[in-house]
Amino acid sequence: MESLPPDALSHRWEAYRLGDLAGFQQASNEHASILRGTPSLPSMSRGTSILERFSLREIFPTDRLIEVDLGSGPGKFLVESALQFPDRNFLGIERLLGRVRKTCRAASEIGLPNLRVWRLELEYTVRYLLPENSVWRFHLNFPDPWPKRRHQRRRVVDSEFLDAINRSLINGGEFRIKTDHEAYFEQITKTVARSDLWNTIEWAEEGYPRTDFEEQFLRKNLPIYRLRLGKRTSDPQ
Ligand SMILES: C[S@@+](CC[C@H](N)C(=O)[O-])C[C@H]1O[C@@H](n2cnc3c(N)ncnc32)[C@H](O)[C@@H]1O
C-alpha cells in the first residue's frame, strides 16, 4: 500500500469545513488513493471526484446487506463480524492510517471478500458519500467522547448527523451505538428523542463480536451504554 502524506485528511476536512469546494476537490484529487480495500482485493482507488456519492454495488463483489462500522479503529469488530456473517458485506470507515492498515492486514490474512475499509472522515462519508437507502446497519462503537466542555462541539453525533444516517439506511435498517461515556450517551438519547425518524428497539442479546475498545473497558469494569435505533418508516398515505 502506498503511503499518504500525513496531512492529507486534514487538508480535505478543513476545506470541507470552510465550504471551500474547490480546495476540497483539489485535495481530494491529490489524495484519491485515500480509498482502500484490503490489500488482497482489487484497489478501490477512485481517482476522480469524491464529491459524488459512491455506488456500494461497485465496491463489493456481491449484492448483500451492508453494515457500516463508523470509526472502526484497529478493526477487531469489523474483521470478526465479516467472519461471523459471511452473507453480509462490511465497510469500515476510519481516519487513522495505522488502524486501517492493521484491519487490512488481519482481513487479508484470513481472506475476507466481504470486508472493505475506507480511510475517510466518517461524518463527511455519511453526509456526502454514502448513497441514500443503501445501508442495512450502522455501528458507532465508542466514538471519541471529547469530555472537555470546550471540545464537545467535536462530538460526531448531532441531529444533522442522525438525519444523514437515517437517509442512508434502507427500510428496516438500524443504527447501533455504544459508548462508555455517560454524558455523551445522555446527549445522544436527548437528540434522538427530538427526532421523529427513529424507534428505539430493545437490545437484549449482543449478537456481534466485542470491539477493541469494548474489551479494554470491560477489563476495567466500566459501564457500557447501548442504544439500538430502528429507522421509522412513514405510514403509507
Ligand atoms: C475510541 S476509538 C473506537 C474504535 C472502535 N470503534 C472500537 O470500539 O474499538 C474511536 C475511533 O474512531 C476514529 N475516529 C474518530 N473520529 C473520526 C472521524 N471523524 N472520522 C473517522 N474516524 C474517526 C478514531 O480514529 C478511532 O479509531
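Modeller: A residue is buried if 20 or more other C-beta atoms lie within 10 Å of its own. With 12 or fewer it is exposed, and in between it is partly exposed. This is a predicted model. In helix α4, Lys 76, Phe 77, Leu 78, Val 79, Ser 81 and Ala 82 are buried.

Biologist: What do the buried residues of α4 pack against?

Modeller: Strands and helices both. The strands are β2 (65-70), β3 (88-93), β4 (115-118) and β5. The helices are α5 and α9.

Biologist: How much of the chain counts as buried?

Modeller: The figure is 34% of the 237 residues. The chain has nine helices and eight strands.

Biologist: Why is α4 called roughly parallel to α5?

Modeller: Take the angle. α4 (residues 76-84) and α5 (residues 97-110) pack at about 25°, with their axes 9 Å apart. Angles under 35 degrees count as roughly parallel. Therefore α4 is roughly parallel to α5. Its crossing past α5 is right-handed.

Biologist: Which residues meet there?

Modeller: From α4 come Leu 78, Val 79 and Leu 83. From α5 come Thr 103, Ala 106, Ala 107 and Ile 110. By class, the contact of α4 with α5 has six nonpolar residues, one polar and no charged.

Biologist: Now the loops. How do you know whether Gln 152 is buried, exposed or partly exposed?

Modeller: Count the neighbours. Gln 152 has 13 other C-beta atoms within 10 Å. Exposed needs 12 or fewer, and buried needs 20 or more. Therefore Gln 152 is partly exposed. Gln 152 is in the loop between β5 (135-141) and α7 (159-168). The C-alpha atoms of Gln 152 and Tyr 184 are separated by 9.0 Å, although these residues are 32 apart along the chain.

Biologist: Is Asn 133 called buried or exposed, and why?

Modeller: Asn 133 has 12 other C-beta atoms within 10 Å. The cut-off for exposed is 12 or fewer. So Asn 133 counts as exposed. Asn 133 sits in the loop between α6 and β5.

Biologist: What is the phi of Asn 133?

Modeller: Positive, about 50°, although Asn 133 is not a glycine. Most residues other than glycine have a negative phi. Asn 221 also has a positive value, near 60°.

Biologist: What makes Asn 221 buried or exposed?

Modeller: The count is 6 other C-beta atoms within 10 Å. With 12 or fewer meaning exposed, Asn 221 is exposed. Asn 221 lies in the loop between α9 and β8 (225-231).

Biologist: Which residues come nearest the ligand?

Modeller: Of the 19 residues around the ligand, these are Gly 71, Gly 73, Thr 211, Asp 212 and Phe 213. α6 (122-129) and α9 (212-219) each supply at least two residues of the shell. α9 gives the most, with three. The shell divides into six nonpolar residues, five polar and eight charged.

Terms used. Residues are numbered from 1 along each chain as its sequence is written. This is a predicted model: local features need pLDDT of at least 70, side-chain atom pairs count only at pLDDT 80 or more; totals for chains, interfaces and linings use all residues. Axes are lines fitted to C-alpha atoms, for helices over the stretch in contact, and angles run from 0 to 180 degrees between N-to-C directions. Helices (H or I, at least four residues) and strands (E, at least two) are DSSP runs, numbered from the N terminus. Angles under 35 degrees count as roughly parallel, over 145 as roughly antiparallel, 65 to 115 as roughly perpendicular and the rest as oblique. A crossing is left-handed if the near helix is turned anticlockwise from the far one by less than a right angle, and right-handed if clockwise. Two residues are in contact if their C-beta atoms, placed from the backbone, lie within 7 Å. Ala, Val, Leu, Ile, Met, Phe, Trp, Tyr, Cys and Pro count as nonpolar, Asp, Glu, Lys and Arg as charged, and the others, Gly among them, as polar. A residue is near a molecule or strand if its C-beta atom, placed from the backbone, lies within 6 Å of it.
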